[in-house]
Amino acid sequence: MKKLSILASPLIVIWLASAAQAHWVYVSNEKDDTISVIDTETQEVIKTIDVGERPRGITLSRDFKYLYVCASDSDTVQVLDLATDRILHELPSGEDPEQFALHPDNRHLYIANEDDAIATVVDVESRTVIAQIDVGVEPEGMAVSHDGKWAIVTSETTNMAHWIDTDEQVLVDNTLVDQRPRDAEFTLDDKELWVSSEIGGTVSVIDVETKQIKQTLNFAIDGISSDRVQPVGMELTRDGKLAFIALGPSNHVAVVDRSTMEVVEYILVGRRVWHMALTPEQDRLYTTNGVSGDVTVIDVNELKAIKTIKVGRFPWGAAILPKEHIPG
Amino acid sequence: MTQNVWRTGQAGLAALVLLTALPGQAALSSDLSVEIIYIEQQPLRPPVLSNLVGWPEDDGRQGARLGIADNNTTGKFLRQNYQVQETIVETDGDVAEAARAALDGGAKLVVLNVPDGAVNLIADLPEAADDLIFNAGSADSALRDAECRANVLHTLPSRAMLADALMQFFTKRRWSSLFLIEGNRPGDAKFAEALRASANKFRLSIDHDKTWTEDADMRRNAAQEVPVFTQADAYDVVLVADEDHDFGHYVLYNTWLPRPVAGSTGIEAVAWSSVVEQWGAAQLQSRFVKQAERSMTSRDYAAWAAVRSVGEAVTRTKSAAVEDVRDYVLSDAFSLAAFKGAKMSFRNWNGQLRQPIPLVHPRAVVSLTPVEGFLHQVTELDTLGIDEPESQCTAMGRTTE
């Protein structure tokens, strides 16, 4: 037996190397205190990692070595080492961190502290808080512009997108949007900021130059009460052609053609769809479905749901690790 | 925080006026200062059997204060400042007299947390004629119907809405035969009436309709008395109309047939409860507990929603004029995000805040209503409560046929 295993070992190495044909999708399970990892080739959960209490927002470091996890009820941001699946250390995050965004400098993490109406800026290298900024009631969505100039916090009960100047770490402006803003996303050219409003049922497209709303997107799905159409997570494709808007308890994802700014498709997914992640090739979209406890895989070219993958309880955030960065 | 105590010489009346604002936020630094008058009189609560039943003495008041705090957090980005002036009238005090003093001089924004009979007593005062009043304390259906007033909106759900919420759930569960027990207090009669009307509306049958007559101490006798009182061949659910919780809790698990209990105990229809935690509600709950050191009640929620409605109108219109606030909150543009999973707005034909109604037991939400499948041409939320075609309210500028 021993002899056989020695013989076989080079083969295993080759097989492992070629196995990294697929990306890994990290999904936070809010009510299981775990992260599920999905292989995009087999479309199956390949491992489940224990993390802190009530994990919600997750984001990868720019060098793809770490996953930052908002462990909301542990009042901390955990740093998960992707090579070992162990928590390396915890960052001082302020109370109840929900979502965050990493600055392009790979150092400054902007964290929304939902219970305290503040945003905390943490230096992930020195592991210190470098600023805390007063924002509106229930800060939620976080975004940093691609040029690193702006950090955006949305506040759910104040109904604003707050503009933070990242050089000075001060709040400089506010844009009033519709009820209960959730997610914020910059377009790749940083000319537009998109903000979804869950209860307002809209997406506000804001001109970054003037900080004024230039367009409001509305959604209507046949046979579904407008009360249930509640925009939450958003993903914009890098080619600038499409935008995907998760519509919460309507159980659909809207597809917006950005050349006409019209909704071209509503894709049925699992129950209460929250957040999403696009693969590096932009050909697959993974949605977290909170109530049904699964992930829907959408074929971006066909605009069709092609697979449902069971994960943990109340999947919330999603982040995709490109195959070339998969450890081992 | 400034505070002054105000008493009249009149016997039986003692009112406390409090002015609260967020610390460190001087009104002078704001462009727009918004004052809300809060008038409270806790209802008379006769003794009940259980020593465990109780109501917070600041029921409703803490909700208004949280609404002010929420409005100010938003307001600081818009140079708006909100304050509440609290007038607290003792249970046996003269609430109209206190309201007259509090509402004197110009149009005002008012939150009322007073018993059923006092709402229109205040709304009809000459001092209140130009005011915009939010009723956050009375569930009386008549105030949203034939007795409605042009200057009164309602953020607390009516008994009719609560009854409809229960009946929708019974319909879904196919509990079609009901056993109703009505208590002996005025509120119980109104709630029982709402339950009968709602059962009729949803074509459920109240096959047994009894008034609670037992005056034995149920703390000792429930296991002997309740089975006999509820003896019947068949029923699917027992409904209890017992708003003060005098006897209802003792009915549970002692019914002749092993059936669920609903109404004032068991499965309760409420505006709010500490068990509501979906739809971001956990954040509101934790903000409230931090402030009030107790859990949030339906009246707290209604007062909070009233103050937040004002905040929303002022933010969107950039005006604190009572007329502008009224126009905006009754318009199609208004919507309030209020942690129950659907946007809320006011029925502009009777002033009621349309809202989902959670059905709860003490430890969890049983179901959120409207129950899926009950459809409506305007919004599914209008399947709860008196609907426009049957409404007798004409004061809001609508005519009945």
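Trainee: How do you know what share of the 401 residues of chain B counts as buried?

Mentor: In this predicted model, a residue is called buried if 20 or more other C-beta atoms lie within 10 Å of its own, and 51% of the 401 residues of chain B count as buried.

Trainee: What makes the radius of gyration of chain B agree with that of a compact globule?

Mentor: The rule for a globule is 2.2 Å times the number of residues to the power 0.38; with 401 residues this gives a value near 21 Å, and chain B has 21 Å, so the two agree. Taken along the principal axes, the C-alpha atoms of chain B fill a box of roughly 70 × 50 × 40 Å.

Trainee: Which elements make up the secondary structure of chain B, and how many of the contacts between residues at least 6 apart in sequence join residues at least 24 apart?

Mentor: Chain B has 9 helices and 16 strands, and among its contacts between residues at least 6 apart in sequence, 68% join residues at least 24 apart.

Trainee: How do you know which residues of chain B are in contact with chain A?

Mentor: Two residues are in contact if their C-beta atoms lie within 7 Å, and by that test 14 residues of chain B are in contact with 18 residues of chain A. On the side of chain B that touches chain A, α1 (61–75) and α7 (281–292) of chain B each supply at least two residues, and the largest share, 3 residues, comes from α1(B). By class, this side of chain B has 3 nonpolar, 8 polar and 3 charged residues.

Trainee: Turning to chain A, why are β12 and β15 said to stand at the edges of their sheet?

Mentor: The open sheet of 4 strands has the order β12-β13-β14-β15 in chain A, with antiparallel pairing. Because β12 (139–144) and β15 (170–176) of chain A each have a single partner strand, one side of each is left without a neighbour in the sheet. From one strand to the next, the twist averages 25°.

Trainee: What is the confidence in chain A?

Mentor: Chain A averages a pLDDT of 92, and 94% of the residues score at least 70. Where pLDDT is low, the predicted coordinates should not be read in detail.

Technical notes. Residues are numbered from 1 along each chain as its sequence is written. Chains are lettered from A and ligands numbered from 1 in the order in which they are written. This is a predicted model: local features need pLDDT of at least 70, side-chain atom pairs count only at pLDDT 80 or more; totals for chains, interfaces and linings use all residues. Two strands pair if DSSP finds at least two bridges between them. Axes are lines fitted to C-alpha atoms, for helices over the stretch in contact, and angles run from 0 to 180 degrees between N-to-C directions. Ala, Val, Leu, Ile, Met, Phe, Trp, Tyr, Cys and Pro count as nonpolar, Asp, Glu, Lys and Arg as charged, and the others, Gly among them, as polar. A residue is buried if 20 or more other C-beta atoms lie within 10 Å of its own, exposed if 12 or fewer, and partly exposed in between; C-beta atoms are placed from the backbone. pLDDT is the predictor's confidence in each residue, from 0 to 100.
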